[in-house]
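Welcome, and thanks for taking a look at this model with us. Please have the sequence and the coordinates side by side as you read.

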Amino acid sequence: MREFIEHLKTGKFRVPKCMSCGRNAWPPSHCCPYCLSKTSLKKIETTGILLEFTSSHCKGKEGIFGLVEMSGIKLVGSFHTTHLKEGMKVRMKECGIGPDGTAFYFFTPTMA
Ligand SMILES: [Zn+2]
């Protein structure tokens, strides 16, 4: 979805929300996966729960990656800390398009 990518390029995380049933379409899509109505991009709550995490040692992909659930969607984010626990609250700190053209979502634990 080009609109989604355009926002992401400027560091904004916007999710297509169904104009009929109100559910978030993820992965981003022009039409709702549930009722096939049109979607429009909306700002969502970017604090969520860390479901699981893993560390990668693959060359060029080193880091800590976690599966985060927020506002009914799940996505894989990266972390700059190893002080993580499954079920902890995390917040999206930064997002964008990396130099290699892939989307990145950087999360950090909330201090609450
Ligand atoms: Zn819908």
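This report covers a metal site and then a set of paired strands.

## About the model

This is a predicted model, where local features need pLDDT of at least 70, side-chain atom pairs count only at pLDDT 80 or more, and totals for chains, interfaces and linings use all residues. Residues are numbered from 1 along each chain as its sequence is written, and side-chain values use heavy atoms, leaving out hydrogens and water.

## The zinc site

Let's begin with the metal. Cys18, Cys21, Cys32 and Cys35 coordinate the zinc ion through their SG atoms at 2.3 Å (donors are N, O and S atoms within 2.8 Å of the metal, or 3.2 Å for Na, K and Ca; water is not among the atoms, so sites may look incomplete). Along the chain, the donors are spaced as C-x2-C-x10-C-x2-C. Cysteine 18 lies in strand E1 (residues 14-18) and cysteine 32 in the loop between E1 and strand E2 (39-43), so this pair, 14 residues apart, links distant parts of the chain (strands, E, are DSSP runs of at least two residues, and helices, H or I, of at least four, numbered from the N terminus).

The arrangement is tetrahedral because the four donor atoms subtend angles of 102 to 121 degrees at the zinc ion (for four donors, all angles must lie between 85 and 135 degrees).

## Strand E5 and its partners

Five of the seven residues of strand E5 (residues 73-79) are buried (under 20% relative accessible area, with a 1.4 Å probe and protein chains only). Strand E4 (residues 63-70) pairs with E5 in the antiparallel sense over seven bridges (pairing takes at least two DSSP bridges), and glycine 66 stands opposite glycine 77.

On another side of the pairing list, E5 and strand E7 (residues 103-109) run in the parallel sense over two bridges, with serine 78 opposite phenylalanine 106.

Conventions: Buried < 20%, exposed > 50% of the residue type's maximum accessible area, 1.4 Å probe, protein only. Tetrahedral: all angles 85-135°; square planar, octahedral: opposite > 155°, others 65-115°.
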